[in-house]
Amino acid sequence: MKLLEPITIKSTTFKNRIMMSPMCMYSVYKKDGVATDFHYLHYTTRAMGGVGYIMIESTAVLPEGRISLEDLGLWDDSHIAPLKRIVDAVHSYGAKIGIQLSHAGRKSGTDKLLSSTDVAFSERYPKPEMLDTEGVKRIIKAFGQAARRANEAGFDSIELHGAHGYLIAQFVSDLVNQRTDAYQDGAKFLGEVIDEVLKYFPKEKILQLRISAYEYHDLGMTPYDWASIINQFKGKLDIIDVSSGGTLPIPIKDYPGYQLPYAKIIKEETGLVTIGGGQINDPKLANEAILEGMMDMAFFGRKLLKEPYFIYEIDSELLLKQYIRAKGLITK
């Protein structure tokens, strides 16, 4: 099965093509951004389950950048050690691990909402403050310092969260960005974030970008629009993680594999490695999409929450030695 075959990107070899999607767990108990025992067990369990690539959930580069007060953070050096504990454990089971760096912007769950606009995301959210140039620069630098900490923690990759209507998407999308200065071009903000991150994160490691390739609005971003932006940063970005929606509160009619056509376009138009998914509960669907050239890797979210060991149902020969012994299949 192609899904279970290794893939090498730059100097990193993933033992299979399955990525655990970054999913907010809202489990930072003290609201201080520090990873807890829950996070350690949550991510290590999926590594024990055979997942080749673990992506840590949305992790804020600044306190006000959190989606919720229970989100992880990487705005302070005190966050490094608890994350390193997770990284080391995941590595011990042969998996690679990345961290998604994020700023929620106008979708923040804090009392300080900042954005490329002063229009609220919906009635549920307060009106955000439009960032001035100094504020924009402060956030860009925060991404860089978070990247430094991610490297110190030993992460194999960083994923910039440019999807689902969070701050990077708020700059990129014409549906949201109301600026009249140089950052009216949202690609400028994204490019400066990328450059700042690469000052502190080794170039031999992986930098990937998660995007909402389609915004479900007639005037919104399409995969072709995103491909045009991504191609401006060829040589800096290594992987594109393709999702959709979230820029505006628009309902999505989802179904198994509904985002795969977007991943295919991004792959064809940029030539970069793509990760696709979306309501994929059957690994055979992911495998077929890889074989058909729609994507290179697959992300699984809710399936891994419910079935952290589903990979072993596909191929029991991948079982950890400890599990085999527990079943009495080998003796020593």
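Student: How many cavities of 30 Å³ or more does the structure hold?

Tutor: This is a predicted model, in which local features need pLDDT of at least 70 and side-chain atom pairs count only at pLDDT 80 or more, while totals for chains, interfaces and linings use all residues. Residues are numbered from 1 along each chain as its sequence is written, and side-chain values use heavy atoms, with hydrogens and water left out. On a 1 Å grid over the protein atoms alone, a cavity is a set of points where a 1.4 Å probe fits but cannot get out, and lining residues have an atom within 4 Å of a point. Cavities of 30 Å³ or more in the structure number 1.

Student: Which residues line the largest cavity?

Tutor: The volume of the largest cavity is about 30 Å³, a volume being the space filled by probe spheres set on grid points that are joined across faces, edges and corners. Its lining divides into 4 nonpolar, 3 polar and 1 charged residues, where Ala, Val, Leu, Ile, Met, Phe, Trp, Tyr, Cys and Pro count as nonpolar, Asp, Glu, Lys and Arg as charged, and the others, Gly among them, as polar. The lining residues are Gly162, Ala169, Val172, Ser212, Glu215, Met221, Trp226 and Thr247.

Student: Which helix gives the most to the lining of the largest pocket?

Tutor: A pocket is an open set of points with protein on both sides within 12 Å along at least five of seven lines, and the largest one has a volume of about 870 Å³. Of its 32 lining residues, Met23, His164, Arg210, Ser243 and Arg302 are the closest to the centre. Helices (H or I, at least four residues) and strands (E, at least two) are DSSP runs numbered from the N terminus, and strand 13 (297-300) and helix 9 (302-306) each supply at least two residues of this lining. With 4 residues, the greatest contribution comes from helix 9.

Student: Which residue forms a salt bridge with Glu192?

Tutor: A salt bridge is a side-chain nitrogen of Lys or Arg within 4 Å of a carboxyl oxygen of Asp or Glu, and the structure holds 19 of them. In this pair the closest N and O atoms are 3.1 Å apart, and the two residues, in helix 5 (residues 186-200) and helix 3 (residues 133-153), are 55 residues apart. The partner of Glu192 is Lys137.
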